[in-house]
Amino acid sequence: MTANTATAADKSASCVSDTKRLPSGLNVLRDCSDAPEMIALSGGRYRMGDLVGDGQPYERPAHDVQITPLAVGRFEVTNAEWQACVKDGGCTASRTPSKEQFARYPVTGITWTQAKAYTAWLAARSGKPYRLLSEAEWEYAARGGNEGRYYWGSFDPSPCNYTNLMDVSGKRAAPERYWAEKCDDSFAEAAPVGSFPPNTWGLYDMLGNVWEWVGDCWHADYSNAPSDGSVWLADSCRKRVNRGGGWGNNANALRLSSRDADPSDTTSDGLGFRVARALSSNEAAQMANATPDKRVETVGPTLLTKAQRKKLEAAAEKSLSPATSSLAVATSLALERQLDVRISVKGDQAWKNVLQHSQATTQQDYALSTRLRSDGVLYGDNLLDPNTAKRLSIKQQFLARRGLMRLKAQNGGRLPRTAQELAALEAKTKNCMLDDRCIGESVERMAAVSALQNNAIEDLEALIIAPATGDAARWLYFFGYTGCPNRIRITNETHIAGERAYNSGKTKLVPWSLDRSAASDGSAEDRAKLCQRYTVTVDIRTGDIYVENLFIPSPMGTSVMRRNKTTERSDIELPVAAEMLIWSAERVSRTKESASFAATLPANSPFDGDSTVLGSFTGKLDVKMDWSFKPVDGSKQASIPP
């Protein structure tokens, strides 16, 4: 069957439209088992183009557009979805072929014509009017009701928290990419679809990852652009528009109004597409009150209120059967956490040799506070053990145990045993692919089926009743991205006084003193680093918390040196005591919800940074750290599964 010969009557038996509601309340529909997931939008009037004033002439004039109801791909079309079309004869191979493990990556190396062929094949196979989005529809969907530069707002200086773009990972792979952002999104090139938070309407990767073909011809600006959201054609269509920016671009190219175009036969490893389809009048009427563009939402990924969290948790609990609710912990862990660290340092030191003798004191205080947000996804690769084979083995054991417990509860207290029961489980697993919770249960079920096929029932029963200790207890949730700090306060007071020979020609020591001080909220660069550096992992059984990349800013301060009758003033970056950094990193790398630590450390380097000190040197640092990592606004603690 090809896209040219198929009709609605010929559509595959697997093409049965299905709609599922996610725990968030969002409706996701799919018309074929191997077709893209779609989100229905009711449409409406919005303002298109450069609304901020920093765009290019071809992003203007800003104008009103009326969008009619449509469904938009929840993700960019993936390699797996493209291969289904290739195998069915409706598409030709991409020019950037990928291996099987890249099935969830966006398909690239696709011309505009090939993208159109895919929509024609999908339309014939499903009997639904699939097509590319118009440029106006694309921007409506991407904005998600936001009129700023990005759909996550402009408050966060680190776009790596929200999208895949050219960053330090990409620059490491190709140092000539001077335009790279200074943050790190962990992907040198394309990322699996859905690796970053969606916009407020539940659409992923609308900005970044790969550029997306749309249906329109390129025009020099928006003069005389259609106001009904339709595809804007031209008598001579030399280029087709693509939108959204990609992994090879910096944040400027990812603005919501940014646009580009290429000849329709162009291919690139940074250029893909997503699909759309019209909604029938019946579909539009049924979904009118459930579409995300008709619900009241907070614009941008702002912090959830306590009431919003409770609403999401209640919806998730309602979607679970009584037999499985005790096993579900993803929702209760999808909470914001407040990370507070306060470090106080008091120190003194003395050093003496034939060229100097000095006394020094210092008092420093660092107060850092930020919020970390969980996306609620269970990551199997964040187990503590660095041994990959062992880590994956632990993951499989954990998933199998959870899946077996779930199957036993759903099967009247006994494990499935017959070939017919296993076949039914496998079939159910394949059909359970429309929401995140269902996918999670499907993964557990697959592990359980594998265990049932390869182990004696007696051994599996023993696994279920065994206490989950040791390796099986080391299952972690990963707080996938951080919020910018809501508080930074740095103070530093250092005083050094003594006598020193300032050059070899001096025959006697010169009196001198050095005062350094800082009291600030941190530099812009430091605040940006705090937005991106923290990685926090929680062992939900032991309560241990693991923090990587603790960053203590070096404050900008004032240095005043007096010697003889001269005074020198300068603005400098004050050093943070290396001994304190090492000690605090060790304390924070593994702790509990809250803790307080104190120690007296030997000071091994002088406070003035003069590493040439010889002779007699003594020093100490009295350090205290208070630590707190807790749910925001008193929300409930994460539940511990059996």
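A disulfide is a pair of cysteine sulfur atoms within 2.5 Å of each other. In this predicted model, Cys 217 and Cys 237 meet that description, since a disulfide joins them with a distance of 2.0 Å from S to S. Cys 217 lies in strand β8, while Cys 237 lies in the loop between β8 and β9, so the pair ties together parts that are 20 residues apart in sequence. The torsion about the S-S bond of Cys 217 and Cys 237 is -120 degrees, and the link is left-handed. The two partners can also be described by their accessibility: Cys 217 counts as buried, at 2% relative accessibility, whereas Cys 237, at 26%, counts as partly exposed.

With this link in mind, we can turn to the chain as a whole. The chain has 13 helices and 23 strands, and buried residues make up 49% of its 642 residues. If we consider the contacts between residues at least 6 apart in sequence, 73% of them join residues that are at least 24 apart. The chain exposes about 29000 Å², of which 51% is supplied by carbon and sulfur atoms.

How many disulfides does the structure hold? There are four disulfides in the structure, and the link between Cys 217 and Cys 237 is a disulfide. Another is formed by Cys 15 and Cys 32, whose sulfur atoms are 2.0 Å apart. Cys 15 lies in the segment before β1 (18-21), and Cys 32 lies in the loop between β2 (27-30) and β3 (38-41), so this pair ties together parts that are 17 residues apart in sequence. The link of Cys 15 and Cys 32 is right-handed, with 100 degrees about the S-S bond. Cys 15 is buried at 5% relative accessibility, and Cys 32 is buried as well, with a relative accessible area of 1%.

A disulfide also joins Cys 85 to Cys 91, with 1.9 Å from S to S. The torsion about the S-S bond of Cys 85 and Cys 91 is about 80 degrees, so this disulfide is right-handed. Cys 85 has 0% relative accessibility and counts as buried, and Cys 91, at 9%, counts as buried too.

Most residues other than glycine have a negative phi, and most peptide bonds are trans. Against that background, a few places in this chain deserve a careful look. The peptide bond from Arg 60 to Pro 61 is cis, with omega near 0 degrees, and Pro 61 is found in the loop between β4 (44-48) and β5 (63-67).

Asp 205 is placed in the loop between α4 (168-173) and β8 (211-217), while Asn 224 is found in the loop between β8 and β9 (240-243).

Is each of these residues buried or exposed? A residue counts as buried under 20% relative accessible area and as exposed over 50%. Asp 205, at 3% relative accessibility, therefore counts as buried, whereas Asn 224, with a relative accessible area of 75%, is exposed.

Technical notes: Residues numbered from 1 in each chain as written. Predicted model: local features only at pLDDT ≥ 70, side-chain atom pairs only at ≥ 80, totals over all residues. Heavy atoms only, no water. Helix = DSSP H or I, 4+ residues; strand = E, 2+ residues; numbered from the N terminus. Buried < 20%, exposed > 50% of the residue type's maximum accessible area, 1.4 Å probe, protein only. Contact = heavy atoms within 4.5 Å. Areas by Shrake-Rupley, 256 points an atom, 1.4 Å probe, with all protein chains shown as cover.
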